[in-house]
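User: I would like to go through the helix packing and the core of this model. Could we begin with burial?
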Amino acid sequence: YAGLTSWPVNIYLFLSEGRSNNFYAVFADAQRDYFDINNYQVNAQDATVHDTWQSLYQMINRANGVLENIDNVSFDDPALKTQYKAEVRFLRAFAYFQLVRLWGNVPLVTKVISPAEGIQIKQSLPADIYSFITAEMNAVKDSLPTSYTASTDNGRATEWAVKGVLAKVYLTMAGYPLKQTDKMDSAKALLQEIISNEGSPKLVLVPNYADLFGYKNDNLHNIFEVQYVSGGLGQGSTFPSEVLPNLSLSLVNVTILNSANRLTISQDLLTSYEPGDKRFDITFDTSYTTNDNPPVHGNTPFFKKFVDFGLTTLTSYTDWPENFPLLRYADVLLMYAEILNDQAGTPPQQAIDILNRIRNRAGLPDITPATKSDCDLALQTERRHEFADEGQYWFYLVRTEKAVPVMNAWFQATSQNRTITTDKLVYPIPQTEIQNDSKLTQND
């Protein structure tokens with residue numbers, strides 16, 4: 001599970017959110033990977049690309065080591081061994097899901113190997129990686145508890161976490177680049193099962209959107225989340241400090257890592273919200289007074305969703321206690337509504353009802369999309385707003401084949417002299433992996 005702790009910053013912030021039209025990298029005063037990512041100038045030497053690849057394969061290697069050795073360990077409770085195996089296989093498959101979405105063709109390693117063996121392994125096709133992911137998750141999806149009661153088990157994957165992530169895997173397979181549309185039915189069945197258990201722990205659309213965030217809400221509502229602990233233990237999060245204004249806010253000893261003046265929230269995102277959307281003020285700060293001496297008024301917008309302003313014991317910008325959501329119940333609902341709409345000629349009432357549940361919680365009125373495309377656009381908008389700063393929107397754009405047209409339209413609207421094609425939807429293989437007689441082939 002320790003391998004998950006780098007995901008929010010590297011994968012969900014920079015390689016996902018930072019790739020979309022939610023951010024606008026204004027300038028770089030030095031080598032800033034986020035500038036390259038946002039401007040589609042990533043090269044194989046970029047540290048974020050390298051570090052993410054390395055951390056995912058380190059996580060996979062640890063999982064392989066556990067699975068190769070666990071049967072040599074005696075367990076008083078055989079059921080606990082079964083549970084541990086299931087958790088490890090799920091986490092390994094989840095890591096491969098990140099790899100295949102980010103790089104496409106990647107090596108499939110299912111046992112502990114030496115460095116000499118490693119450089120002889122070639123990439124597998126995405127279809128083969130996805131087959132491995134689904135086989136692993138299907139094998140363990142019924143081997144885990146639906147919930148845990150002991151606080152010491154906080155953060156462990158549940159049956160619903162595996163089935164929800166597996167549904168997202170199937171939905172991704174149904175879209176770009178595989179376009180295995182039959183997988184949509186597989187996703188639908190899993191989502192139906194989860195929704196049929198609504199009201200169970202973590203399977204609730206929490207009435208107050210703000211209650212999903214803040215360290216006091218850790219492990220209360222999300223189906224699966226990355227765990228962090230503050231207190232100088234080296235287990236804290238840097239995520240809230242990553243992109244803040246270069247001003248002194250009402251926080252103790254917080255240093256920004258990347259200024260919101262350089263990597264700023266796009267006007268396209270800010271102006272896309274409807275008036276009265278309660279999520280806006282929970283997600284963003286656009287006007288504030290600092291605690292500088294004398295105070296300064298700031299209006300550089302920044303994501304505040306994960307910034308706990310009430311913390312008075314924060315001692316380091318790397319030591320935030322707040323967890324990060326990897327799967328929320330709202331995501332389950334929106335995926336299901338997407339499938340219902342995609343499989344119907346006109347928007348089915350159940351999809352519209354789900355759409356309006358999400359909107360109503362945000363303080364917005366019901367809408368009645370008249371056409372399938374109208375409903376699809378409304379679902380896209382709700383996904384963008386519901387999960388802003390959570391790294392879900394970019395992956396949605398890619399699998400629905402909207403990334404290229406959406407980004408090119410945004411480039412044109414903001415006078416950015418560039419266009420992209422589908423080759424930009426994957427990242428370059430890190431140069432350190434290509435050299436030294438490696439059998440890997442670089443993404444063009």
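User: Is helix 1 mostly covered or mostly open?
Analyst: Helix 1, residues 7–16, is mostly covered, with 10 of its 10 residues buried. Buried means under 20% relative accessible area with a 1.4 Å probe, protein chains only. Among the buried residues are Trp 7, Tyr 12 and Phe 14. Helices are DSSP runs of H or I with at least four residues, numbered from the N terminus.

User: What are the ground rules for the model?
Analyst: This is a predicted model, in which local features need pLDDT of at least 70 and side-chain atom pairs pLDDT 80 or more, while totals for chains, interfaces and linings use all residues. Residues are numbered from 1 along each chain as its sequence is written, and side-chain values use heavy atoms, without hydrogens and water.

User: Which residues touch the most other members of the largest nonpolar core?
Analyst: That core has 128 residues, and those touching the most other members include Trp 7, Phe 90, Phe 94 and Ile 133. Helix 4 gives the most to this core, with 12 residues. A nonpolar core is a set of buried Ala, Val, Leu, Ile, Met, Phe, Trp, Tyr and Cys residues joined through side-chain atoms within 4.5 Å.

User: At what angle do helix 4 and helix 6 pack?
Analyst: Helix 4 (residues 78–103) and helix 6 (residues 126–140) pack at about 155°, with their axes 9 Å apart. That makes helix 4 roughly antiparallel to helix 6, a term for angles over 145 degrees. Axes are lines fitted to C-alpha atoms over the stretch in contact, and angles run from 0 to 180 degrees between N-to-C directions.

Technical notes:
Helix = DSSP H or I, 4+ residues; strand = E, 2+ residues; numbered from the N terminus. Parallel < 35°, antiparallel > 145°, perpendicular 65-115°, else oblique. Buried < 20%, exposed > 50% of the residue type's maximum accessible area, 1.4 Å probe, protein only.
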